[in-house]
Amino acid sequence: MKFFQKYNKHHSSSQQHNQNIHQKLIGSELMANIAEIQSIFCDTPDLIVRNFVLKQTQRQAALIYLSGITDSQTIYNHVLKPLLFENGSDNSDADLRVSLGHIKETNTWQQIESAILNGECVLFVDKRTVAIIYNTALFPKRSIEASPVESSLYGAHVGFTETGGDNVALIRKQIHNRELKIKEMTVGKRGKSKLAVMYLADVANHEVLKEIEERIQKVDVDSIINAGVLAEYIEDNPYSPFPQLLLTERPDFAASEILQGRIAIVVDRSPNVIIGPAAFDSFFKTIDDYGSRWMVASFIRLMRYFGFLIAIFLPSIYIAIIFFHFEVIPLKLLLSIGESRERVPFPPYIEAFIMEITLEMLREAGVRLPAKIGQTVGIVGGIVIGQAAVEAGIVSNVMVIVVALTAIASFIIPNYEMGSAIRMVRFPMMILASFFGFVGLAIGLMILLAHFMALESLGMPYGSPIAPLRFPDWNDVFIRLPQWSIKKRPLSTSAVQMKKANSHRPKGDEQ
């Protein structure tokens, strides 16, 4: 108890000390300002304090920055070199102007501290109560490469990086239009994360935009590590297993969603971009659907929906049939299943749970291990364990086939978060089937449908255009009709289309 009291007292005094520093203004004495900076950034070995004399005015000056996140070449060529060697004017302020695009002045320690932490360098001049901030930030970053998670056959082989500015530029490259607007925001008390909210001003629903801004402003956290953390803070129902916001690493997919009226949130330091509002059918679409023939794309999309049903209900159907409703199986197939199960000592639901949990562990091991080892573990482990389990009489051959089909069906889902939700929902369905058979499956299906209809994404219906029913949007839901027939934006995302639809319907009629 004493420890927590001491900790709280120290924590509150530290916060008060930081607030006092932030409210203070810089002084005119150079050495006092340097001492203040060194006290703020104590135990910071990468803090560089470069003392020199201005050429024209012969006044003492100091350039302060963090070495690991600044561009040393820019500092030398565009800051130090003009100040040390090039001739300036007789004006003491004019010789501080250098050939950098972003230069600003400040007299508060809060802005100075923030600038140094953002990779900028700060110039202090003796007998001057204003510091100059030069934009010399250069954080370590990787080159732009194809997304390792969202592969594409027909789309661009370019993926987002961990640099927010580059990600904004990649989206701008896809949309050359003055209506593409960007609102910058900041989240986090300690590790401040910059956000860029991108949307088309003449297409996006401004009520949804206002809702996003309000939710982001309410986020109270030390730091946002990645986009998934922010998505969890601003989603409508955090207790739902299904994702309510899209996460993508593809600039072309993000641009196509913005063109449809959705809003993208670019999170600095994260290679994922958040897109909302999202509907249930959004998680079954890929950019390849619009690059291939519409009949081929429609067939593949129908397979995804069919795989969604198989991944959730196939093990449950197997349990319900074997345990309760074996009379629906043809006699020859029933004899074959009975022969394969004669050595299995467990009931069907125990058998199914053993195999499903084993499959999930193999899948997770394959994801976490290095690529070559993960593939070996997944393939060899699945074959060896499955064959050994059948020979040992722990599970039946039919159960191995059911689990394999379930795994293949879950891999068809293009969105990883939706695939993970499907894998989790499968287990409650298996429990209901083991207790009530087909009646339990019917109850589970009704609960699932009711949940989809009640769910919202940023205040918009999650089940749209199925619930509420909007037939004009069905040309790009279960099947993808030719491009010329789906040129209109969805009613659920576009403010313009919503106004047109509301103006053409009679009063009191709900769409």
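Arg-423 counts as buried in this predicted model, because its relative accessibility is 13%, under the 20% cut-off. Arg-423 belongs to helix α14, and its side chain makes a polar contact of 2.9 Å with the side chain of Glu-360.

- Apart from neighbours within four places in sequence, Arg-423 is in contact with Glu-360, Arg-363 and Tyr-416.
- With Glu-360, the contact of Arg-423 includes a polar one between the two side chains, at 2.9 Å.
- Ile-431 counts as partly exposed because its relative accessibility is 40%, which lies between the 20% and 50% limits.

**Nonpolar surface patch**
- Ile-431, Phe-435, Phe-436, Val-439, Ile-443, Met-446 and Ile-447 make a nonpolar surface patch of about 710 Å².
- Helix α15 supplies the largest share of the patch, with four residues.

- Strand β10 covers residues 273-276.
- Val-273 and Ile-275 point one way from β10, while Ile-274 and Gly-276 point the other way.
- Residues on both sides of β10 are buried: Val-273, Ile-274, Ile-275 and Gly-276.
- Strand β8, residues 246-248, pairs with β10 in the antiparallel sense over three bridges.
- Strand β9, residues 263-267, runs antiparallel to β10 and is joined to it by four bridges.
- Val-266 stands opposite Val-273 of β10.
- Together β9 and β10 form a hairpin, with five residues between the two strands.

- Most residues other than glycine have a negative phi.
- Arg-269 is not a glycine, yet it has a positive phi of about 75°.
- Arg-269 sits in the turn of the β9-β10 hairpin and counts as partly exposed because its relative accessible area is 36%.
- Lys-127, also not a glycine, has a positive phi of about 65°.
- Lys-127 lies in the loop that runs between β4 (121-125) and β5 (131-134).
- Lys-127 counts as exposed because its relative accessibility is 55%, over the 50% cut-off.

**Cis peptide bonds**
- Most peptide bonds are trans.
- The bond that joins Ser-464 and Pro-465 is cis, with an omega of about 5°.
- The bond from Ala-467 to Pro-468 is also cis, and its omega is near 5°.
- Pro-465 is placed in the loop between β12 (460-461) and α16 (495-504).
- Pro-468 likewise has its place in the loop between β12 and α16.

Technical notes. Residues are numbered from 1 along each chain as its sequence is written. This is a predicted model: local features need pLDDT of at least 70, side-chain atom pairs count only at pLDDT 80 or more; totals for chains, interfaces and linings use all residues. Side-chain values use heavy atoms; hydrogens and water are left out. Patches are made of residues with over 30% relative accessible area and no salt bridge: like charges are joined within 9 Å, nonpolar side chains (Val, Leu, Ile, Met, Phe, Trp, Tyr) within 5 Å. Accessible areas come from the Shrake-Rupley method with a 1.4 Å probe; for residues, only the protein chains shown count as cover. A salt bridge is a side-chain nitrogen of Lys or Arg within 4 Å of a carboxyl oxygen of Asp or Glu. Buried means under 20% relative accessible area, exposed over 50%, partly exposed in between (1.4 Å probe, protein chains only). A polar contact is a pair of N or O atoms within 3.5 Å; within protein, one must be able to donate a hydrogen and the other to accept it, and residues adjacent in sequence count only if both atoms are side-chain atoms. Contact means heavy atoms within 4.5 Å. Two strands pair if DSSP finds at least two bridges between them.
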